[in-house]
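Please examine the sequence and the three-dimensional model shown below.

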Amino acid sequence: MVQQLLMSDWALMGALLLAVGAVVGLLAGLLGVGGGVVLVPAFSAVLTATGFYGPDMMRICLATSLSTIFVTSIRSTLAHHRKGAVDWVVLRGWAPWIGLGAVLGALLVAQLETRQLKIIFGALVPGFAAYMAFGNPEWRLGDRLPTGALRAALAFPIGLVGVLLGIGGGILGVGSLTLYGQPVRRAVATASGFGALIAAPSVLMFLFVPAEHAPPGTLGSVSLPMFAVTVAMTMVTAPLGAALAHRVNALLLRRIFAAFLVVVALNMLRKALV
């Protein structure tokens, strides 16, 4: 059932989304992190503040986050490609397994309710935060990227977890590629394409999965107004974040941001379990 929004509700939602998009764009440019890990709890807070809370609310957040990631991933990958940094052979080789993981993730999300998805988000995000704060790109498991079953074993969870958390493949992807000898810059450039591989099949499926108690303008489980406002703002503020990145201590900011993610994730977990 679609609830009607008053003008004041539209104004509140618009203002909150503009702020969310601005912050996500700055973080993406400043720290090189995908926005999904911020967008999902932010979308949840926006929908709750405007009265849209129900069993499918978290699915709307995940699906809409992934739709924004599809756009930003393509934009980022093309920018890296112009600098010759993207390894298209790796992208093609990993694509089927990442896509398969994303499809399974979308099927799982379609069956789970908000409380269950919040528990998954709250339980997994602290691990991402720990890697962001303390991960070392010099760690190695091998000098060459794996093939065959090991490649599938690495790529499949990137797609699966990406959909369950509503994020791109940046953190898992860069970590997997650098562990097997890929230079950091090339790993970041190549993993930027993982987001589109995750988002494309999952968002396509979510467009045909109706959500109960959805805000106006929702197609399936994707909120088109939330998508449009957020993408517009990230396009504006991401270059500002990239410019600012050269003037600040990036490692300190990553650790502060990681601590913030832990607090957000644990708070979401607390609310789900109470």
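A crossing is called left-handed if the near helix is turned anticlockwise from the far one by less than a right angle, and right-handed if it is turned clockwise. The model to which this convention is applied here is a predicted one.

The crossing of α6 and α7 is right-handed. Helix α6 comprises residues 148-165, and its axis lies 9 Å from that of α7, at an angle of about 170°. Angles over 145 degrees count as roughly antiparallel, and α6 and α7 are therefore roughly antiparallel to each other. On the α6 side, the contact is made by Leu 154, Pro 157, Ile 158 and Val 161; on the α7 side, Leu 172, Gly 173 and Ser 176 take part. Sorted by class, this contact of α6 with α7 has five nonpolar residues, two polar residues and no charged residues.

Helix α7 also packs against α8. The axes of these two helices come within 9 Å and cross at roughly 140°. That angle makes α7 oblique to α8. The crossing of α7 and α8 is right-handed. From α7, the contact is made by Gly 170, Gly 173, Val 174, Leu 177 and Thr 178, and from α8 by Val 184, Ala 187, Val 188, Thr 190 and Ala 191. By class, the contact of α7 with α8 has six nonpolar and four polar residues, with no charged ones. Gly 173 is named in the contact of α7 with α6 and again in the contact of α7 with α8.

The loop between α7 (170-179) and α8 (184-191) contains Gln 182. Is this residue, Gln 182, buried or exposed? Buried means under 20% relative accessible area, and Gln 182, at 14% relative accessibility, counts as buried. Leaving aside residues up to four places away in sequence, Gln 182 touches Asp 87, Arg 140, Leu 145, Leu 177 and Ala 187. Among these partners, Leu 177 of α7 and Ala 187 of α8 also belong to the contact of α7 with α8.

Attention now turns to helix α5 (residues 114-134), where Leu 124 is found. With a relative accessible area of 35%, Leu 124 is partly exposed. Residues up to four places away in sequence excluded, Leu 124 touches Val 161 and Leu 165. Val 161 also takes part in the contact of α6 with α7. Leu 124 and Val 262 are 138 residues apart in sequence, and their C-alpha atoms are 9.8 Å apart in space.

Helix α1 (residues 7-31) holds Leu 27, which counts as buried at 16% relative accessibility. Leu 27 and Ala 15 are 12 residues apart in sequence and 19 Å apart in space, C-alpha to C-alpha.

Aromatic side chains complete the account. With ring centres required to lie within 6.5 Å, the count comes to one aromatic pair. The rings of Trp 94 and Phe 194 have their centres 5.8 Å apart and their planes at 15°, so the pair is stacked. Trp 94 lies in helix α4 (residues 88-111) and Phe 194 in helix α9 (residues 194-206), so the pair ties together parts that are 100 residues apart in sequence. Both Trp 94 and Phe 194 are buried.

Notes:
Residues are numbered from 1 along each chain as its sequence is written. This is a predicted model: local features need pLDDT of at least 70, side-chain atom pairs count only at pLDDT 80 or more; totals for chains, interfaces and linings use all residues. Side-chain values use heavy atoms; hydrogens and water are left out. Helices (H or I, at least four residues) and strands (E, at least two) are DSSP runs, numbered from the N terminus. Buried means under 20% relative accessible area, exposed over 50%, partly exposed in between (1.4 Å probe, protein chains only). Contact means heavy atoms within 4.5 Å. Axes are lines fitted to C-alpha atoms, for helices over the stretch in contact, and angles run from 0 to 180 degrees between N-to-C directions. Angles under 35 degrees count as roughly parallel, over 145 as roughly antiparallel, 65 to 115 as roughly perpendicular and the rest as oblique. Ala, Val, Leu, Ile, Met, Phe, Trp, Tyr, Cys and Pro count as nonpolar, Asp, Glu, Lys and Arg as charged, and the others, Gly among them, as polar. Rings of Phe, Tyr and Trp (its six-membered ring) pair if their centres lie within 6.5 Å; planes under 30 degrees apart count as stacked, over 60 as edge-to-face and the rest as tilted.
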